[in-house]
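Please look through the sequence and the model shown here before reading on. The explanation moves from the overall chain to single residues.

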2 protein chains.
Amino acid sequence: MQSDELLTRGVAKVIPQKLAVQKLKEGKKLRVYLGIDPTGAHLHIGHSVVLRKLQQFADADHDAIFLIGSFTAMMGDPTGKDLQREPLTFEQVRKNFELYKEQAGKILDFNKVKIMYNHEWLKPLGFDDVTKIASNFTVQQMEQRDMFEKRIEEDKPIGVHEFLYPLMVGYDSVHLDVDCEIGGTDQEFNMLVGRTLQKAYGKREKFVLTNKLIEGTDGRKMSKTYDNCIYLDDTPKDMYGKTLSIKDDLITTYMECCTDIPLKEITSVEKKMREGANPKEFKMRLARELVTMYHDEDAALQAEEEFSAVFAKGGIPEDMPEAKAKKGELLIDLLVREKIVASKSEARRLIDQNAVSIDGKIVTSHDFNFEGLTPEALAKGVVVKVGKRKFVKVIS
Amino acid sequence: MQSDELLTRGVAKVIPQKLAVQKLKEGKKLRVYLGIDPTGAHLHIGHSVVLRKLQQFADADHDAIFLIGSFTAMMGDPTGKDLQREPLTFEQVRKNFELYKEQAGKILDFNKVKIMYNHEWLKPLGFDDVTKIASNFTVQQMEQRDMFEKRIEEDKPIGVHEFLYPLMVGYDSVHLDVDCEIGGTDQEFNMLVGRTLQKAYGKREKFVLTNKLIEGTDGRKMSKTYDNCIYLDDTPKDMYGKTLSIKDDLITTYMECCTDIPLKEITSVEKKMREGANPKEFKMRLARELVTMYHDEDAALQAEEEFSAVFAKGGIPEDMPEAKAKKGELLIDLLVREKIVASKSEARRLIDQNAVSIDGKIVTSHDFNFEGLTPEALAKGVVVKVGKRKFVKVIS
């Protein structure tokens with residue numbers, strides 16, 4: 001990446017723009033941080049956008065800090081969530097973080113990026129400190145946050161503690177005394193609270209850099225719930241396959257935010273697609289790039305070859321797991337037993353969506369078993385296809 | 001006082017009434033507290049109302065706790081005040097409290113009333129505890145507090161920290177696990193926050209008892225600013241004199257809230273005053289009672305005699321301080337020098353209010369000096385009267 005892309009590539013907003021440009025122009029080492037709360041820990045390429053931005057600052061020779069919300073994660077951002085859920089223990093947070101760090105290490109170079117933990121300065125704060133921090137904001141300012149405004153309009157409750165989380169993460173900025181904070185667009189409010197606090201405590205003036213949010217493969221929010229994530233630790237085959245399945249209009253945003261493909265090339269891809277080119281070749285380019293980044297070039301080529309072969313053979317891969325059907329066993333039970341699906345309800349849902357087939361014929365009943373098939377067919381094995389990319393050969 | 005007056009005499013509200021009646025009927029020892037923040041420390045009979053109520057519970061053999069806001073006072077209730085003022089140090093609070101305790105001891109019997117300090121349980125609380133406490137309230141609930149509602153309507157800011165003070169004092173209830181909290185009407189909201197928290201933390205159900213607010217001698221809020229306070233450590237003469245100067249419609253409220261004069265007698269005073277009796281004799285009764293309470297009966301009688309004598313002589317007391325006027329000295333400078341007034345501006349204000357006279361003639365100019373008086377008059381001495389009760393004899 002070019003260092004002149006620091007403030008633009010994959011970036012949603014820079015606040016204030018003028019300050020950021022000036023700070024970079026001065027050529028001094030800037031102190032920049034990204035804070036994350038390790039509440040859960042399976043990183044996908046949605047998470048990669050901010051991690052990559054932090055690494056870009058490190059590569060441009062700035063002081064980059066990867067801040068672990070070891071204190072804040074124990075509570076978690078309560079905003080909009082169930083008020084009474086159990087807080088995480090420090091031990092759980094530590095465990096989550098170890099997993100998080102391992103995965104983030106695929107993007108961050110920890111020789112260049114410093115790790116810090118916010119329990120070091122947040123844990124010693126008392127009720128009096130909290131009061132002092134809170135005195136820098138009015139209730140009316142807090143209520144201007146989009147999400148709060150919406151809830152007030154809808155007459156939905158806002159917990160008083162929801163006003164405290166932004167103060168807590170905002171105080172990180174005071175302690176770290178930074179020039180810049182990086183975060184997702186959903187963190188803009190919290191980061192600006194930190195900017196105000198930093199000024200109030202007589203520290204540096206910080207600018208805030210929010211990154212674009214990238215959607216999941218199906219165009220909805222990237223989330224485990226929707227099963228539309230490309231995980232950083234996906235196998236080359238899965239990563240390649242999932243990338244080929246993304247919606248066409250995501251291609252160039254993924255390229256901009258999740259890879260180092262030159263901007264010039266991305267602009268040209270956009271142009272070609274507008275002119276009607278088949279998006280498949282660009283998806284393949286993107287898929288190769290991602291697999292190369294998170295595995296290597298060989299793995300990328302191998303995945304590509306395999307997928308080409310599958311397509312050549314009408315979409316059925318050469319090697320697939322085999323399973324024996326027990327006498328009278330339902331298809332859905334076999335799929336759960338073989339871990340092709342996570343649960344019976346998932347299997348039923350997929351059947352309802354016509355996404356399960358046997359030797360090309362769509363299965364329509366939840367109660368399907370293998371009794372109706374000829375012994376000859378079963379002796380040879382039948383191919384069960386589940387969703388777009390999962391296969392199992394069932395033999396007698 | 002009768003113990004059946006616990007929930008009524010001097011009381012503004014009991015919330016919930018039913019719970020309070022039931023708890024008292026059960027006849028168990030109740031745990032009852034009054035919390036005060038020793039921010040400043042010159043107690044007047046306005047303060048005495050809640051202190052007396054606490055002592056009444058102690059006298060009725062309940063566990064009475066006098067809670068010193070040793071932690072909360074360091075910040076002070078920020079509600080509606082300047083956000084950025086300096087917090088008190090622990091040392092200042094301790095000093096204030098020593099003074100406070102000495103004066104409160106005129107009402108509270110510390111053999112029966114236990115003293116506790118809230119820094120013991122509030123100081124160890126961290127950001128995480130504060131968050132947990134705050135999660136029991138919604139922003140909308142907080143905004144229903146009268147004073148906040150008013151400010152929202154008037155588009156005036158509410159500091160986020162103003163939401164935290166009620167949580168802090170509310171948590172006292174959780175720690176103390178009480179049956180009842182006593183406070184002024186201005187504390188109703190805070191005390192109800194404590195009631196909610198106590199329930200949320202699975203403790204006893206507390207009822208809240210607010211006491212009537214009594215006005216200063218001139219009918220305005222009793223406050224140092226207005227110079228309308230009857231202090232617990234006033235001399236018998238001052239206490240007696242100030243009481244005689246109160247507005248007529250305050251007499252019976254003072255009797256109910258600040259003395260043990262039987263309710264039956266108070267009802268009869270009310271009746272007589274409605275029927276047109278001269279209020280002076282009732283004020284004298286009240287003044288005698290107060291001086292007896294805070295000094296003794298002899299002091300009360302002596303003060304009464306002296307005042308009767310003053311009235312007999314057209315309002316000029318027999319003994320008064322003497323001062324020599326320096327050559328060309330302004331009256332206002334002399335008054336400041338002799339500590340009759342606190343400042344030149346107070347002297348000017350009193351002159352503007354026609355409250356300063358010399359031998360019965362009202363002084364109208366700020367620049368008055370004694371040069372215009374005859375040497376004979378000055379040799380004999382002239383009586384300068386300032387306000388209703390201050391006199392100085394000026395001689396040459």
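The paragraphs below lead through this structure step by step.

This is a predicted model, in which local features need pLDDT of at least 70 and side-chain atom pairs count only at pLDDT 80 or more, while totals for chains, interfaces and linings use all residues. Residues are numbered from 1 along each chain as its sequence is written, chains are lettered from A and ligands numbered from 1 in the order in which they are written, and side-chain values use heavy atoms, with hydrogens and water left out.

Let us begin with chain A as a whole. Its C-alpha trace spans about 80 × 50 × 40 Å along the principal axes. The secondary structure of chain A comes to 18 helices and 11 strands; helices (H or I, at least four residues) and strands (E, at least two) are DSSP runs, numbered from the N terminus. Of the 396 residues in chain A, 49% are buried. Here buried means under 20% relative accessible area, exposed over 50%, and partly exposed in between, with a 1.4 Å probe and protein chains only. Contact means heavy atoms within 4.5 Å. Among contacts in chain A between residues at least 6 apart in sequence, 73% join residues at least 24 apart.

We turn next to the relation between the chains. Two copies of a chain are related by a rotation about an axis and a shift along it.

Which residues of helix α17 (residues 344–352) of chain A are buried? They are A:Glu346, A:Ala347, A:Leu350 and A:Ile351. These residues lie on the same side of α17(A), because they cover an arc of only 140° around the axis; the arc is that of the directions from the helix axis to the C-beta atoms. Their cover includes α16 (331–337), β8 (356–358) and β10 (382–386) of chain A. After α17(A) comes A:Asn354, which has a positive phi near 60°.

B:Met239 counts as buried because its relative accessibility is 0%. Beyond its neighbours within four places in sequence, B:Met239 has contacts that include B:Ile230, B:Tyr231, B:Leu290 and B:Tyr294.

The peptide bond from A:Ile15 to A:Pro16 is cis, with omega near -10°, and A:Pro16 is placed in the loop between β1 (11–15) and α1 (17–26) of chain A. In chain B, the bond from B:Ile15 to B:Pro16 is also cis, with omega near -15°.

Is A:Asp61 buried or exposed? A:Asp61 counts as exposed, because its relative accessibility is 54%. This residue lies in the loop between α2 (45–59) and β3 (63–68) of chain A, and its phi is near 75°, a positive value in a residue other than glycine.
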